[in-house]
Each structure stands twice: as structure tokens, then as C-alpha cells.
Amino acid sequence: MTEALTRHLQVVPGRNGVDLAAAERAVADLLVALGRDPDTEHLADTPRRVAHAYAEMLTPREFDLTTFPNDEGYDELVLARDIPVQSLCEHHMLPFHGVAHVGYLPGARILGLSKLARVVELFARDLQVQERLTKQVAEWLQRHLAPHGVGVVIEAEHLCMSLRGVRAAGTRTVTSALQGLLREDPRSRQEFFALAGVNA
Ligand SMILES: [Zn+2]
């Protein structure tokens with residue numbers, strides 16, 4: 001893991017590396033507890049697969065935070081729409097997935113556009129609640145890029161809501177987090193929500 005990513009991950013409390021062997025044993029135990037036999041041919045490889053699947057879903061890919069000087073003094077909103085979001089709800093360890101719209105009003109530096117998606121992934125590949133995920137992305141950008149404003153909207157469907165409990169399939173939960181001018185200036189805020197395609 002790069003030093004940069006390790007440093008970014010340290011902003012998330014309680015996040016350590018995945019112990020694959022221990023996870024495999026735990027999944028085998030869970031299968032037994034659920035009344036299934038992990039020694040049958042069909043389930044023999046399931047603990048290993050599940051452990052690797054969770055490890056992947058909980059580990060963001062490495063990235064360098066590439067920023068460039070804002071030489072042209074671009075001061076309008078920069079917005080990336082429909083960034084895929086895949087995360088795991090920390091209450092049920094079931095996926096929630098959808099899209100994020102991330103925008104910022106540039107200050108002295110601008111960010112490589114693909115990096116906005118990487119910042120979303122940095123916090124999404126974790127046990128999460130959507131509200132916290134949204135806030136963490138906004139706060140991270142505010143802290144590392146020091147723009148004049150940041151806006152993050154996430155729309156996601158939670159499998160714990162669509163497959164169990166209320167079984168509200170297709171329901172999307174919308175959360176937003178705003179910083180700086182996008183929070184304080186009604187015109188900028190309105191422009192952000194309009195470009196993000198969200199009625200606010
Ligand atoms: Zn849940």
C-alpha cells in the first residue's frame with residue numbers, strides 16, 4: 001500500500017487491513033450457524049470466496065492525489081455526475097449502491113477529474129452509512145483541495161431495505177453535504193443542485 005493511501009485511510013477510525021484466513025474461518029462458522037454444511041461440495045469454496053469478496057469491497061484502490069495549479073483562474077463549478085458508488089451498510093453488511101455527484105468551486109488548485117471518483121471510492125469501500133459517506137467525501141475534498149466550496153450528493157439503493165425489512169425495492173435514499181460557498185451562498189447552492197440534477 002502506498003504511503004499516501006495509508007495516510008488517507010488513517011482518517012477513517014477503526015479501519016484495519018482484512019485478515020483473510022480469519023474471515024474464511026468466520027464465514028464457515030456462519031454457514032454452520034445458519035444451519036448449512038460448509039463441507040458439502042457446493043459450499044466447500046464459499047468461505048474463501050466470501051472472504052475475498054468482502055476484502056475487495058472493503059479495500060479502496062490506491063491513487064495519487066494529483067492536483068494542478070489553477071492557472072486560468074477558473075472559478076465556476078466543476079462537477080462530476082453519476083460517479084458509481086458501491087458500499088456496504090454497516091448495520092447489515094449488505095451492499096448499497098447508486099451514484100454520487102461531486103462538485104467544487106476551484107481555489108488555487110484543481111484536481112484531476114478521475115480523482116473525484118477515487119475519493120468517493122476511498123470512503124465507499126468501507127462499512128458505512130450513506131450520511132457519513134457523503135460527509136466524509138465533502139470534508140476530505142475541502143481539507144485536501146481547499147476549494148471555495150464543495151458539494152456532494154449521493155443517491156443509493158440499500159439492499160437491506162429492498163431485500164428485507166420493509167422490502168422497498170427501488171427506493172433511493174438521497175443525501176447531500178455542502179461546504180464553503182456551496183453551503184453559504186444560495187445562488188451557488190442552487191446552481192450545484194440544478195447541475196447535479198437534484199431538486200432542492
Ligand atoms: Zn442496512
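Modeller: Start with V99, which stands opposite E155 in β6. This is a predicted model, in which local features need pLDDT of at least 70 and side-chain atom pairs count only at pLDDT 80 or more, while totals for chains, interfaces and linings use all residues. Residues are numbered from 1 along each chain as its sequence is written, and side-chain values use heavy atoms, with hydrogens and water left out.

Biologist: In what sense do β3 and β6 pair, and over how many bridges?

Modeller: Helices (H or I, at least four residues) and strands (E, at least two) are DSSP runs, numbered from the N terminus. Two strands pair if DSSP finds at least two bridges between them. Here β3 and β6 are antiparallel, with ten bridges. β3 also pairs with β2, again in the antiparallel sense, over nine bridges. In that pairing V99 is the bridge partner of P84.

Biologist: Is β3 mostly covered or mostly open?

Modeller: Burial is read from relative accessible area: buried is under 20%, exposed is over 50%, and partly exposed lies in between (1.4 Å probe, protein chains only). In β3, nine of the eleven residues are buried.

Biologist: Which residues touch the most other members of the largest nonpolar core?

Modeller: In soluble globular proteins, nonpolar side chains tend to be buried together. A nonpolar core is a set of buried Ala, Val, Leu, Ile, Met, Phe, Trp, Tyr and Cys residues joined through side-chain atoms within 4.5 Å. The largest one has 29 residues, and V102, L116, L133, V137 and L141 touch the most other members. At least two residues each come from β2 (78–89), β3 (95–105), α4 (114–124), α5 (130–145) and β6 (149–158). A separate second core has nine residues, including L105, V153, F192 and F193.

Biologist: What is V102 in contact with, beyond four places in sequence?

Modeller: Contact means heavy atoms within 4.5 Å. The partners of V102 include I83, L116, V120, V137, L141 and V152.

Biologist: How does one check the length of α5?

Modeller: The expected span of a helix is 1.5 Å times one less than its number of residues. With 16 residues α5 should span 22 Å, and its end C-alpha atoms are 22 Å apart, so the two agree. Among the buried residues of α5 are L133, V137, W140 and L141. After the helix comes A146, with a positive phi near 45 degrees.

Biologist: Which residue in the hairpin of β2 and β3 takes a positive phi?

Modeller: Most residues other than glycine have a negative phi. M93 is not a glycine, yet its phi is positive, about 55 degrees. The hairpin has five residues between its strands. M93 counts as partly exposed because its relative accessibility is 38%. R167, in the loop between α6 (159–162) and β7 (173–180), has a positive phi of about 50 degrees and is not a glycine either. R167 counts as exposed because its relative accessibility is 63%.

Biologist: Which residues coordinate the zinc ion?

Modeller: Donors are N, O and S atoms within 2.8 Å of the metal (3.2 Å for Na, K and Ca); water is not among the atoms, so sites may look incomplete. Here C89 (SG), H92 (ND1) and C160 (SG) coordinate the zinc ion at 2.2 Å. H92 lies in the loop between β2 and β3 and C160 in helix α6, 68 residues apart, so this pair links distant parts of the chain. H92 is partly exposed at 35% relative accessibility, whereas C160 is buried at 11%.
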